[in-house]
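This briefing is meant to be read beside the sequence and the 3D view.

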Amino acid sequence: MNTVEIIFSPTGGTEKVAHILGGHWSENTVKIDLSDSKADFSKCVIDKEDQVLIAMPSFGGRAPAVAIERLKQIAGNGAKCTLVCVYGNRAYEDTLVEMEDAAKESGFQVVAAVAAVAEHSIMPQYAAGRPDASDKKQLEQFAERIAGKTEAVVSIPGNRPYKKAGGAGLVPKVGKSCTKCGLCAENCPVQAIDPASFTADAKKCISCMRCVKQCPEKARNVNGAMVSIAAMAIKKACSVRKENELYM
């Protein structure tokens with residue numbers, strides 16, 4: 001039996017949460033990276049005895065469409081799985097139920113679900129430094145409770161039909177300090193960045209901020225005024241620390 005982490009984590013926050021949970025079950029985990037645009041996920045076959053963790057960020061209260069699409073290509077074979085959605089202290093809304101539906105369609109049996117908080121990928125002043133030591137302790141307690149669970153999860157919060165998905169909104173632009181190393185284009189989860197001009201296609205971009213996070217020259221940025229407006233819009237919702245939640 002393996003512990004398998006199926007993860008979509010463009011900037012690393014979701015992966016941190018996933019590793020806390022999965023690492024509590026086993027030091028040796030198998031990782032399937034849903035952000036890899038070149039991978040053939042139809043070749044990923046899960047053993048029925050594997051303990052599986054499926055982790056994604058919440059983008060505006062929904063799961064990333066590309067992550068859901070890739071998850072559906074994986075053969076779950078009845079393996080028991082725990083869903084993990086990670087959000088920046090605002091709200092996760094319909095993310096978990098959307099993940100639940102996709103996991104079941106892929107043949108997984110959902111036995112638990114976790115909503116966890118990590119530093120906001122666009123506005124890091126919200127949930128700064130999370131998951132922190134308190135989160136780690138709580139998530140390890142969740143992992144202990146989930147371990148060995150065999151019956152299906154009772155209920156997961158969210159709505160069907162799901163809320164309407166928003167557009168990309170904030171598309172990173174390339175600045176003068178760009179050295180044309182190509183890292184952004186190579187690692188974009190949706191291949192939205194032209195490998196010649198390094199400009200992002202607004203129709204393809206999902207505002208995941210991986211290119212901003214990974215650029216060694218800090219040459220990619222989003223419009224500061226737009227970020228300030230967005231930050232003010234969610235300030236009230238993000239002002240109180242939200243705790244991680246477990247559904248079994």
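**Serine 35 and its surroundings**

The side chain of serine 35 makes a polar contact of 3.1 Å with the side chain of arginine 210, a polar contact being a pair of N or O atoms within 3.5 Å in which, within protein, one must be able to donate a hydrogen and the other to accept it, while residues adjacent in sequence count only if both atoms are side-chain atoms. This is a predicted model, in which local features need pLDDT of at least 70 and side-chain atom pairs count only at pLDDT 80 or more, whereas totals for chains, interfaces and linings use all residues. Residues are numbered from 1 along each chain as its sequence is written, and side-chain values use heavy atoms, with hydrogens and water left out.

- Serine 35 is also joined, side chain to side chain, to aspartate 33 by a polar contact of 2.6 Å.
- The loop that holds serine 35 runs between strand S2 (29-33) and strand S3 (51-57); helices (H or I, at least four residues) and strands (E, at least two) are DSSP runs numbered from the N terminus.
- Serine 35 counts as buried because its relative accessibility is 3%, where buried means under 20% relative accessible area, exposed over 50% and partly exposed in between (1.4 Å probe, protein chains only).

**Strand S5 and its neighbours**

- Eight of the nine residues of strand S5 (residues 109-117) are buried, so the strand is largely enclosed by the rest of the structure.
- S4 and S5 run parallel and are joined by eight bridges, two strands being paired if DSSP finds at least two bridges between them; valine 84 stands opposite valine 114 in S5.
- S5 runs antiparallel to strand S8 (residues 245-247), with three bridges between them, and here valine 114 stands opposite leucine 246 in S8.
- S4, helix H3 (residues 95-105) and S5 form a right-handed β-α-β unit, meaning that, with the strands pointing away from the viewer, the path from the first strand over the helix to the second runs clockwise.

**Pockets**

- A pocket is an open set of points on a 1 Å grid over the protein atoms alone, with protein on both sides within 12 Å along at least five of seven lines, and a cavity is a set where a 1.4 Å probe fits but cannot get out; lining residues have an atom within 4 Å of a point.
- The largest pocket holds about 1,100 Å³ of space, a volume being the space filled by probe spheres set on grid points that are joined across faces, edges and corners.
- Its lining comprises 47 residues, and those nearest the centre of the largest pocket are Ser58, Phe59, Gly60, Ile122 and Ser207; helix H7 gives the most, with four residues.
- The second largest pocket, of about 390 Å³, is lined by 19 residues, of which Glu119, His120, Ser121, Pro124 and Lys213 lie nearest its centre.

**Cavities**

- There are two cavities of 30 Å³ or more by this rule, and the largest cavity has a volume of about 110 Å³.
- Of the 15 residues lining the largest cavity, Cys188, Ile193, Cys205, Cys208 and Cys211 are the closest to its centre.
- The second largest cavity has a volume of about 90 Å³, and its 15 lining residues include Cys178, Cys181, Cys184, Cys215 and Arg220, which lie nearest the centre.
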